[in-house]
Amino acid sequence: MLIAVDGPAASGKGTIAKRLAAHFGLAHLDTGLLYRAVGLATMGKEGQADFESVAIDAAINLDTLTLDEDILSTAEVGLAASKVAQIPEVRKALNRMQRTFMEQPQGAILDGRDIGTRICPQAEVKLFITANADTRARRRTEQLLTRGLDVTYNEILKQIEKRDKDDRENPAGAFFQAADAHLLDTSKLSIEAAFKAALDIVGRVTG
Ligand code: C5P
């Protein structure tokens, strides 16, 4: 079974994808981490002549086994990820990795921005997980504070809104909901309720 999970930052898509993967025994890839790792490799290079070539090299040579979620989860790395996500050659290299991952014999679940639209349009189930910007900013602020990072709600809200806009308008691969994706708004749902709702959708589609 192939499941595609897309949605904006802090919508709950990562948690839902992880839980679905555990439930169905599927391999899971958080594709945002790939873009974040490439973004991290370019930090400090913004505005320099070799910015794009550093990003492309990092994407081509990325080792998906060494991705460190703690290092990659900061808001600054998220913004850097959005920048490198606009470079067509970076997307091409990362798309190749995602498609290889998808070919596992037992099936897979991938979450990101373009899984249902471009990476895996043939997925049996497509979920589009969303939540309003206020809820997403509150969730992400709490997550980062729990990790000991010094952040405020206002700066996280601003960063989320900037990434939403950049991702929707990305000339190298705009972010949008696939026509055949099932919309799940998690704004008023607990993690448990959101997971149950996602599980219901998968059951309805595959049952
Ligand atoms: O999902 P996450 O917030 O970790 O993604 C970080 C950034 O990586 C996104 O804002 C987006 O710019 C980029 N991305 C993408 N395509 C994906 C996954 C992430 O362009 N499939």
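The following legends describe close-up views of a predicted model. Local features are given where pLDDT is at least 70 and side-chain atom pairs where pLDDT is 80 or more, while totals for chains, interfaces and linings use all residues. Residues are numbered from 1 along each chain as its sequence is written, and side-chain values use heavy atoms, with hydrogens and water left out.

**View 1. Arg-91 in helix H6.** Arg-91 belongs to helix H6, residues 88-102; helices (H or I, at least four residues) and strands (E, at least two) are DSSP runs, numbered from the N terminus. With a relative accessible area of 7%, Arg-91 is buried (buried means under 20% relative accessible area, exposed over 50%, partly exposed in between; 1.4 Å probe, protein chains only). Its side chain makes a polar contact of 3.0 Å with the side chain of Asp-114. A polar contact is a pair of N or O atoms within 3.5 Å; within protein, one must be able to donate a hydrogen and the other to accept it, and residues adjacent in sequence count only if both atoms are side-chain atoms. Leaving out residues up to four places away in sequence, Arg-91 touches Tyr-35, Ala-85, Asp-114, Asn-170, Ala-172 and Gly-173 (contact means heavy atoms within 4.5 Å). Other buried residues of H6 include Val-90, Leu-94 and Phe-101.

**View 2. The largest pocket.** About 990 Å³ of space lies in this pocket. On a 1 Å grid over the protein atoms alone, a pocket is an open set of points with protein on both sides within 12 Å along at least five of seven lines, whereas a cavity is a set of points where a 1.4 Å probe fits but cannot get out; lining residues have an atom within 4 Å of a point. Grid points are joined across faces, edges and corners, and a volume is the space filled by probe spheres set on the points. The pocket is lined by 45 residues, and Ala-10, Lys-13, Gly-14, Asp-30 and Arg-140 lie nearest its centre. The lining comprises 13 nonpolar, 16 polar and 16 charged residues (Ala, Val, Leu, Ile, Met, Phe, Trp, Tyr, Cys and Pro count as nonpolar, Asp, Glu, Lys and Arg as charged, and the others, Gly among them, as polar). Elements that each supply at least two lining residues include helix H1 (13-24), strand S2 (27-30) and strand S3 (108-112).

**View 3. The largest cavity.** The model has one cavity of 30 Å³ or more, with a volume of about 70 Å³. H5, H8 and H9 give two or more residues each to its lining, and the largest share, four residues, comes from H9. Among the lining residues are Arg-36, Ser-73, Arg-140, Leu-144 and Arg-163. By class, the lining has four nonpolar, four polar and three charged residues.

**View 4. Helix H8 and its surroundings.** In H8, Thr-135, Arg-136, Ala-137, Arg-140, Thr-141 and Leu-144 are buried. The cover over these buried residues includes H2, H5 and H9. After H8 comes Gly-148, with a positive phi near 90 degrees.

**View 5. Gly-112 in strand S3.** Gly-112 lies in strand S3 and is buried, at 2% relative accessibility. Apart from neighbours within four places in sequence, Gly-112 is in contact with Val-5, Asp-6, Gly-7, Lys-13 and Thr-31. The C-alpha atoms of Gly-112 and Leu-33 are separated by 9.1 Å, although these residues are 79 residues apart along the chain.
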